[in-house]
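Dear colleague,

I am handing over the structure that follows, together with some notes on what turned up when I went through it. Please read the notes with the coordinates open beside you.

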Amino acid sequence: MKKLVFATSLFLAVWLPRAGGQHIPVLTFSQLEPMLHQANDTLYLVNFWATWCGPCIRELPDIERVAGEMAGSKFSVILVSLDAVTSLNDRVIPFINKNIIRSRVVLLNDPDFNRWIDRVDSRWSGSIPASLIYRGNERHFYEQSFTYEELNRLIKNKIKMP
């Protein structure tokens with residue numbers, strides 16, 4: 001019985017602090033890359049951000065607002081945190097919880113930026129925020145932050161595409 005109580009306590013200690021029950025996987029670029037090339041009819045917004053990036057933090061509520069308004073449509077947001085893996089529990093998860101981030105969040109733990117930045121987009125200098133918006137073979141890369149109005153207009157125009 002003591003083993004069952006210990007195992008249950010350990011499970012709760014590991015899983016409950018996670019973003020509202022959301023598991024935040026830590027991925028290498030090789031693990032993330034398939035998320036950048038999903039072949040279906042969903043429009044994806046993949047946003048590269050970090051908790052230490054002011055412009056990133058300012059645009060996240062607007063991304064979340066657009067995602068909420070598009071719920072039920074073929075639109076999906078993936079927020080790729082570029083924070084250090086050591087800050088997952090003390091910065092990323094508390095930020096996600098405090099700001100009630102509902103979109104899918106992953107933490108990219110692949111410090112060889114020179115190897116993978118060009119594989120996201122050859123024009124990317126590496127600065128953030130940066131967003132890849134794609135559906136099938138149509139891809140658009142934006143090395144900028146968005147306002148709600150800009151992102152809403154952009155997504156709604158792309159959602160109408162076949």
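**S81 and the strands around it**

S81 is found in strand β3, where strands (E, at least two residues) and helices (H or I, at least four residues) are DSSP runs numbered from the N terminus. Please bear in mind that this is a predicted model, in which local features need pLDDT of at least 70 and side-chain atom pairs count only at pLDDT 80 or more, while totals for chains, interfaces and linings use all residues. Residues are numbered from 1 along each chain as its sequence is written, and side-chain values use heavy atoms, with hydrogens and water left out.

S81 counts as buried because its relative accessibility is 0%; buried here means under 20% relative accessible area, exposed over 50%, and partly exposed in between, with a 1.4 Å probe and protein chains only. Its side chain makes a polar contact with the side chain of D83 at 2.7 Å (a pair of N or O atoms within 3.5 Å; within protein, one must be able to donate a hydrogen and the other to accept it, and residues adjacent in sequence count only if both atoms are side-chain atoms). Leaving aside residues up to four places away in sequence, S81 touches W49, V92, V106, L107 and L108, a contact being heavy atoms within 4.5 Å.

W49 belongs to the set L43, L45, N47 and W49, which point one way from β2, whereas Y44, V46 and F48 point the other way, and all are buried. In a regular strand the side chains alternate between the two faces of the sheet. Strand β2 (residues 43–49) is accordingly mostly covered, with 7 of its 7 residues buried.

β2 runs parallel to strand β3 (residues 75–81), to which 7 bridges join it, and the bridge partner of L45 in β3 is V77; strands are taken to pair if DSSP finds at least two bridges between them. With strand β5 (residues 130–135), β2 pairs in the antiparallel sense over 5 bridges, and Y44 stands opposite Y134 in β5.

For the chain as a whole, there are 6 helices and 6 strands, running α-β-α-β-α-β-α-β-α-β-β-α from the N terminus on. Buried residues make up 45% of the 162 residues, and among contacts between residues at least 6 apart in sequence, 70% join residues at least 24 apart.

With best wishes
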